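Welcome, and please take a moment with the sequence and the model before reading on. The report below walks from the fold to the rings and the surface.

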Amino acid sequence: MYGIMEKDRSVNEFIEMKAQLSLLKEKLDRQYIVNERHLRNAISGKLNELNRHAIRMIAVGTVALGYCTYFLSLYNFSKGLITFTAIMLLACIAATYIQHRSLLKVKEMSADMVKETLDLIRLRKRYDRWMLFAIPLIITWSVFISYEILYVVPMNREMGYGMLAGVAVGTIIGGAVGARIHSRTLKKIRTILAQIDELKEMS
């Protein structure tokens, strides 16, 4: 009789332990789903930030294209400089769109995030190479417009020096802001890639 009672108690303990393990598994599964959802939302949010940044840069470039064309024409700068400036800004607008094109088309993230990972790696490489193109382009433009102010455009010396100072200050500020935006974008890309790796480890 005692042996039967012990056996029944052991069976009941086993059933109770099994039920507790089942509850624990359900709790862990729910926690995993919550963590995965939270991480996916964070990744999606940062991807949206990158896309909004690209759209803002395209908008700024478009406004700058119109303004610079008007300003340079107003002060009788050469058609060569006006054309060069327009091509430079159009190239920047086109490059921004091309760099972000794949991510701008993303409406919903894929389950394994492989496509997004490849797109981000390509974007990071393009941003790394972009400075090799942008810095010489800005220097060339600065030299071009400075030469025109000094030797081509008819204006008095004071106005010419004032315009040169404006070009210098604008170039320095624009370069600093551009470098900061460039650095922050690369940092954001690295953060997203790290989060995607973390999400893959959870799977």
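This is a predicted model: local features need pLDDT of at least 70, side-chain atom pairs count only at pLDDT 80 or more; totals for chains, interfaces and linings use all residues.

Let us begin at the surface. Helix 3 (residues 114-151) gives the most to a nonpolar patch, contributing 3 residues. The patch covers about 570 Å² and is made by Tyr147, Leu150, Tyr151, Val152 and Tyr161.

The protein chain has 4 helices and 0 strands, and along the sequence the pattern reads α-α-α-α. Of its 203 residues, 28% count as buried. The chain exposes about 13,800 Å², and carbon and sulfur atoms supply 64% of that area. Among contacts between residues at least 6 apart in sequence, 80% join residues at least 24 apart.

What lies inside? In soluble globular proteins, nonpolar side chains tend to be buried together. The largest nonpolar core here has 14 residues, and those with the most contacts inside it are Ile43, Leu47, Leu50, Leu120, Leu123, Ile189 and Ile192. Helix 1, helix 3 and helix 4 (157-202) each supply at least two residues of this core. Helix 4 gives the most to this core, with 6 residues. Apart from it lies another core, of 13 residues, among them Phe77, Leu137, Ile149 and Met163.

Which residues is Leu120 in contact with, leaving aside its neighbours within four places in sequence? The partners are Leu47, Leu50, Leu103, Ile189, Ile192, Leu193 and Ile196.

Next come the rings. The structure holds 5 aromatic pairs. In one of them, the ring centres of Phe84 and Phe144 are 5.8 Å apart and the planes meet at 55°, so the pair is tilted. This pair links distant parts of the chain, with Phe84 in helix 2 and Phe144 in helix 3, 60 residues apart. Trp130 and Phe133 form an aromatic pair that is tilted as well, with 5.1 Å from centre to centre and 45° between the planes. Trp130 and Phe133 both lie in helix 3, 3 residues apart, which is about one turn of the helix. Elsewhere, ring pairs link Tyr67, Phe71 and Tyr75 into a cluster.

How accessible are some of the residues discussed in this report? The table gathers their values.

| Residue | Relative accessibility | Class |
|---|---|---|
| Phe84 | 23% | partly exposed |
| Phe144 | 26% | partly exposed |
| Phe133 | 39% | partly exposed |
| Asn76 | 52% | exposed |

Where is Asn76 placed? Asn76 sits in the loop between helix 1 (2-74) and helix 2 (79-104). Its phi is near 60°, a positive value in a residue other than glycine. For context, most residues other than glycine have a negative phi. Asn76 has a relative accessibility of 52%, and therefore counts as exposed, since the cut-off is over 50%.

One is the nonpolar patch with Tyr147, Leu150, Tyr151, Val152 and Tyr161.

Conventions
Residues are numbered from 1 along each chain as its sequence is written. Side-chain values use heavy atoms; hydrogens and water are left out. Buried means under 20% relative accessible area, exposed over 50%, partly exposed in between (1.4 Å probe, protein chains only). Contact means heavy atoms within 4.5 Å. Accessible areas come from the Shrake-Rupley method with a 1.4 Å probe; for residues, only the protein chains shown count as cover. Patches are made of residues with over 30% relative accessible area and no salt bridge: like charges are joined within 9 Å, nonpolar side chains (Val, Leu, Ile, Met, Phe, Trp, Tyr) within 5 Å. A salt bridge is a side-chain nitrogen of Lys or Arg within 4 Å of a carboxyl oxygen of Asp or Glu. Rings of Phe, Tyr and Trp (its six-membered ring) pair if their centres lie within 6.5 Å; planes under 30 degrees apart count as stacked, over 60 as edge-to-face and the rest as tilted. A nonpolar core is a set of buried Ala, Val, Leu, Ile, Met, Phe, Trp, Tyr and Cys residues joined through side-chain atoms within 4.5 Å.
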